[in-house]
Amino acid sequence: MFLFIVKRFASTIPTILILMIISFVLMRLAPGSPFSGEKMPPPEVLANLEAKYGLDQPWFIQMWRYITKIIFHFDFGPSFVYKDISVNDIIDQGLPITFIYGSWSFLVANLVGIPLGMIAAIRHNTWIDYMAIGVSIGAAVLPNFIMAPILIIIFTLWLDWLPGGGWNNGAWPNVIMPVIALSTSYMAIIARLTRGSMLEVLNSNFIRTAKAKGLSSTTVIFRHALRPTLLPVLSYLGPAFVGMVTGSLVIDSIFVTGGIGQFFIQAAFSRDYSLLMGITILLGAVTVLFSTIVDILYAVLDPKIKL
Amino acid sequence: MIALNKQKREKTVEILSNVDLVKGRSLWQDAAVRFRKNKAAFVSVIILALMALLAVFGPYISVWSYEEIDWGLIGDAKANGQPSIENGHYFGVDNLGRDLFARTLQGTQISLMVGLIGAVVAVSIGLFWGAIAGYAGGRVDNIMMRIVDILMSIPSMFVIIIALAVLGKSIIVLFIVIGAIGWMDMARIVRGQTLAIKNKEYIEAAKSLGVSDQTIITRHVIPNLMGITVIYTSIMVPSLILTESFISFLGLGIQEPLTSWGALINEGAGQMQYGVPWQLGFPLAFFVVGLYCLIFIGDGLRDALDPKD
């Protein structure tokens, strides 16, 4: 068990290293240096600047320095565009915001999606079932970048109930719409997965046995059916997490929440490569670690997998 | 008695000579029959074909081109830019006075093309990668699939955005980058199938005849993977279109004056508050209908080609 967990975490190391190398190589492919602009400094100054930032070294030494700095000091270096601000400052500022509404969305998607799917399966072929299927198909073609503007049009422009953007230190009216926009499509997928898996479980022999023993339907569902039902849902949580991290790019841009996605998009426009790389590596590492934890949980919960 | 026998014999000969040989049906003919029975999928094919025809030939019936500005309507979209037949703006105009009918068709062209080209790029890489890994086996297989595992766990959207920022926001870069993210799943599926195929008797026969590995892969392995390839391609197209729309929505994908579904929806959503609902409505309708059709076609093809389920 312990060995399995250690092994699983060790296998994330090459992934994260390759992520760092890919981003570094992409950045090196970019034309121009960070100091090239309308006013080129004199060559001596340029040489000094390059020496200061280590840009006069060959590329593999630069890469080595960059990667070791991140691993041992958690230092992503200075931003190319925002003078006097390091990538770390921007991450410190943006990440908590993204984390707060991201975790809420994750909770909402699961706490609404799983019960909805279970009810749909238990009340198979009733209006609840049809409604759940309808919603989940609809959500498949209404991703967060369409949900978000529609929500703003309805709740801000027409009804004037909620503010159309801003963060306001996480006051709940500002959090509601980002959470709905981010969680809806994942909620629908989780509901559909739960429904399908629960239907299969409810038709299996051990459930029939449990019913034949005369157990109440509550006991059958919560003691016997719940665990095998949730296994396929659990394996979807990794991809759902990735999707939500990606979705935060849209949410931050549309709702101007000041989260990390907003900085990422701005960085892509202003070609702030060090900021782009820093955010990619950080969020990439977080998602890789999260899917590892999900994998381990899955192995613990699934009796068919021997550790 | 003899006469009777003779009569009987002649009758038999006649019957036999009239009966057509029972034709064998191939997997593909079977699948076509099953697919045609699936009403949702069949209707989706028709709608999507109409949409594609409209996207290709529509610009010839359109009065305006997608980048032309109607100076009489610029900045006046709310009052006079609504959809009308008389002035040739069938879907109305956008806030810059450009014809939305032409722009929507142009966006449809780009979006469908991204889905198609991206899928072709992804499937070809995945098909060869998976077939080679599965057929070679052993250490080569291990290394190749380990690379796939590692690449799969990297959040692709961030890498796409970095690539677009670094390599420039051109349409060709977009096609290649979008294609380059989808091939890993395909490689995994194909590898699994190849492992099953390579132990079949016909591969053994080919080997004993001295056919080279390369020829076995291209002539015997890959044709037998076509079913799964078609299924996977059809499932991948809508997700690639979604990816492209996502990127274009953020303003990093297709650049003006070209446009795509995502970019049009972004513009429309931004103009919504100025009372021009058609600018969001028409692109959104095309997007939703197009994606629904593609999803139904994918489901239909899966059911038709994979009778086990």
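Colleague: In which hand does helix 5 of chain A pass helix 8 of chain A?
Modeller: This is a predicted model. Helix 5 covers residues 87–122 of chain A, and helix 8 covers residues 172–202. The crossing of helix 5 with helix 8 is right-handed.

Colleague: At what angle do the axes of helix 5 and helix 8 of chain A cross?
Modeller: Two packed helices are described by the distance between their axes and the angle between them. Here the two axes come within 6 Å. Their crossing angle is roughly 35 degrees.

Colleague: How many nonpolar residues are in the contact of helix 5 with helix 8 of chain A?
Modeller: Sort the contact by class. Two residues are charged and six are polar. The nonpolar count is 22.

Colleague: Which helix of chain A gives the most to the side that touches chain B?
Modeller: Across the interface, 34 residues of chain A are in contact with 27 residues of chain B. Helices 2, 7, 10, 11 and 12 of chain A each supply at least two residues of that side. The top contribution is nine residues, and it comes from helix 2.

Colleague: By class, how many charged residues does the side of chain A that touches chain B have?
Modeller: Nonpolar residues number 25 on that side of chain A. Polar residues number eight. The charged count is one.

Colleague: Is Arg271(A) buried or partly exposed?
Modeller: Arg271(A) sits in the loop between helix 11 and helix 12 of chain A. A residue needs 20 or more C-beta neighbours within 10 Å to be buried, and 12 or fewer to be exposed. Arg271(A) has 17 inside 10 Å, so the residue counts as partly exposed.

Colleague: How far apart in space are Arg271(A) and Val81(A)?
Modeller: In sequence, 190 residues separate Arg271(A) from Val81(A). In space, the C-alpha to C-alpha distance is 8.0 Å.

Colleague: How many helices does chain B have?
Modeller: Chain B has zero strands. Along the sequence, its pattern is α after α. The helix count is 14.

Colleague: What is the radius of gyration of chain B?
Modeller: The C-alpha atoms of chain B fill a box of roughly 95 × 65 × 30 Å along the principal axes. A compact globule of 309 residues would come near 19 Å. Chain B has 26 Å.

Colleague: What share of the contacts in chain B with a separation of 6 or more joins residues 24 or more positions apart?
Modeller: Burial first: 41% of the 309 residues of chain B count as buried. Now the contacts with a separation of 6 or more. The share from residues 24 or more positions apart is 72%.

Methods:
Residues numbered from 1 in each chain as written. Chains lettered and ligands numbered in written order. Predicted model: local features only at pLDDT ≥ 70, side-chain atom pairs only at ≥ 80, totals over all residues. Contact = placed C-beta atoms within 7 Å. Helix = DSSP H or I, 4+ residues; strand = E, 2+ residues; numbered from the N terminus. Nonpolar A, V, L, I, M, F, W, Y, C, P; charged D, E, K, R; others polar. Axes fitted to C-alpha atoms, helices over the stretch in contact; angles between N-to-C directions. Left-handed = near helix turned anticlockwise from the far one by under 90°. Rg over C-alpha atoms; globule rule 2.2 N^0.38 Å.
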